[in-house]
Amino acid sequence: MQQREEKQLEASIESLISRVAYLKNSLQNFIFKLENEYDRLTWPSVLDNFALLSGQLNTINKLLRNEKTPSFRSQVIIPLLLSQDRDEELAKLTEVRVPVFSHEIVPDHLRTKPDPEVEEQEKQLSAEAARIGPEAAQKQIQTLNKLCSNLLEKLNNPREERDTESGALRQNKASFNPADTTALVAAVGFGKGLAKCRPPGPVGPAQPGQGPVPAGQGPTLQQVAIPGCSGQQAAIGGPVPPQQPGQPGKIPSNIKTNIKSASASLHPYSR
Amino acid sequence: MEAPPVTVMPVTGGTINMMEYLLQGSVLDQALDSLLHRLRGLCDNMEPESFADHEMVYLLKGQQGNPFLLRARRSLAHPPAPWHLRYLGQPEVGDKSRHALVRNCVDVATSHSLPEFLNEMGFRMDHEFVAKGHIFRKGSLKVVVSKLFRVLVQGNTENTEPLSLSYLVELSVLAPAGQDTVSEDMRAFAEQLKPLVHLEKIDPKRHM
């Protein structure tokens, strides 16, 4: 009987040691990654690491809960010899983390009760739990369960339902204006609304002609587009006869003559 | 002056015809910060680059049909940098299922005498504007968030006024002709920016 128990104990301790070794390895890898590759780390890979750790902790828990494992609580570990000398065997076993089996490491490694501060907090919590009474506790448990199930339902529901209610929320917080989009695209595409101001004929009669065109853009552009263009026209309207050669496209007739002369001479260098 | 669609032209050597795949949208000024944060998270990790450019669009009016358009761009933030000349063709009228606007694109860097050269060639400046904003990059995807300013006095880029209360957001990829997987990637990226900004293909001719 005792032999069987001993064998079981040994076997379970072996498997526990190996599981803890896996956990230690993955923790080491994760810490290394965090310290050295933090600029290349992506959130999904961090989540993967955490998932791995949680999986390994789960296996350890299952192992401990297994009926074949004897209760470790009934085992007692008593240090028989404490010395300040360095113990090589121990150092090798623990990868030089515990080189000396001395008085300092005993409270940490052979601890059976939680830290005094933690014990205090636990006592406070259990006192408070006892204080509120069983019915109030039950009611609180029920509200917590209801909140969790509501949240789960909201998260698991199909996307469209979520979108419609969030769409309604976001109506008052619209982050873009489609009219602005068309105005900006038109401006970049072919200069609509920018002061190109190409009057169809001489500047005078063209002004009322140009008037409705910028005004048509008024409701779409939130900034005042009209003064911009008519400001330019006013500038041209002043000195009507002396057409500055630098002003492009103000009088198409000028341009046509220019192009005609260019095509008439064609390739001057080929002569 | 309309060239046949680039994808049907045989490759006869010289440079590869690059196509620009484009999706455009806009975002209001007050939502700009959240968009920049989101882009910073989604795009490649680099210092966010801001730019200030002055673009001038030159037109060559031929005898027939549509005028020929060239865009000359210079940096106001780095004046010694070379000028950038770009030709953008007509949008390819492919299958409607393509998610992005595709057009032929030719880019060259030029010296600072570009405006005089274009004027001598017969081009006339049609309009100009100033664009200031930020540029992000994710692989070959380029996201440009810019505010357009109208130049009030021609040639004077100090005196500008904003064109609207929104920022223009453009998602573009430069790829050789014929790669249609690019538009899928662009659409996936655009999905991630919803609902802050809706990037879609906007045909400029529709708003002529």
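This section describes the two chains of a predicted model, from overall content to selected contacts.

Chain A is helical. Its secondary structure comes to twelve helices and zero strands. From the N terminus on, the elements of chain B run β-α-β-β-β-β-α-β-β-β-β-α.

The chains were also described by burial and surface. Of the 271 residues in chain A, 21% are buried. Of the 208 residues in chain B, 44% are buried. The accessible surface of chain A comes to about 20600 Å², and carbon and sulfur atoms account for 58% of that surface. For chain B the accessible surface is about 10700 Å², with 55% belonging to carbon and sulfur atoms. Contacts between residues at least 6 apart in sequence were then examined. In chain A, 50% of these contacts join residues at least 24 apart. In chain B, the share joining residues at least 24 apart is 66%.

Helix H1 of chain B spans residues 32-42, and its buried residues are Leu32(B), Leu35(B), Leu36(B) and Leu39(B). These residues lie on the same side of H1(B), because they cover an arc of only 100° around the axis. The other side of H1(B) carries the exposed residues Asp33(B), His37(B) and Gly41(B). The buried residues of H1(B) pack against several elements of chain B, including strand S6 (124-138), strand S7 (141-151) and helix H3 (181-193). Strands S1 (18-28) and S9 (166-176) of chain B are also among these packing partners.

Strand S7(B) is largely enclosed by the rest of the structure, because ten of its eleven residues are buried. Its pairing with other strands was traced next. S6(B) and S7(B) run antiparallel and are joined by ten bridges. Val130(B) has Phe149(B) of S7(B) as its bridge partner. The hairpin of S6(B) and S7(B) has two residues between the strands, and Gly139(B) takes a positive phi near 65° there. S7(B) also runs antiparallel to S9(B), with five bridges joining the two. Here Val144(B) has Glu170(B) of S9(B) as its bridge partner. A further antiparallel pairing, over three bridges, links S7(B) to strand S8 (residues 160-162) of chain B. In S8(B), Thr160(B) is the bridge partner of Val151(B). Phe149(B) has a charged neighbour as well: Lys132(B) lies over the face of its ring, at 5.3 Å from the ring centre.

Phe30(A) and Phe50(A) form an edge-to-face pair, with 5.1 Å centre to centre and 80° between the planes. Phe30(A) lies in helix H1 (residues 2-36) of chain A and Phe50(A) in helix H2 (residues 43-65) of chain A, so the pair ties together parts that are 20 residues apart in sequence. Phe30(A) is buried, with a relative accessible area of 6%. Phe50(A) is partly exposed, at 46%.

Phe68(B) and Phe123(B) form a tilted pair, with 6.3 Å centre to centre and 55° between the planes. Phe68(B) lies in strand S3 (residues 68-75) of chain B and Phe123(B) in the loop between helix H2 (114-121) and S6 of chain B, so this pair ties together parts that are 55 residues apart in sequence. Phe68(B) is partly exposed, with a relative accessible area of 25%. Phe123(B) counts as buried, at 4% relative accessibility.

Key. Residues numbered from 1 in each chain as written. Chains lettered and ligands numbered in written order. Predicted model: local features only at pLDDT ≥ 70, side-chain atom pairs only at ≥ 80, totals over all residues. Heavy atoms only, no water. Buried < 20%, exposed > 50% of the residue type's maximum accessible area, 1.4 Å probe, protein only. Helix = DSSP H or I, 4+ residues; strand = E, 2+ residues; numbered from the N terminus. Arc of directions from axis to C-beta. Contact = heavy atoms within 4.5 Å. Pairing = 2+ DSSP bridges. Areas by Shrake-Rupley, 256 points an atom, 1.4 Å probe, with all protein chains shown as cover. Phe/Tyr/Trp six-rings, centres within 6.5 Å; stacked < 30°, edge-to-face > 60°. Lys NZ or Arg CZ within 6 Å of the ring centre and 35° of its normal.
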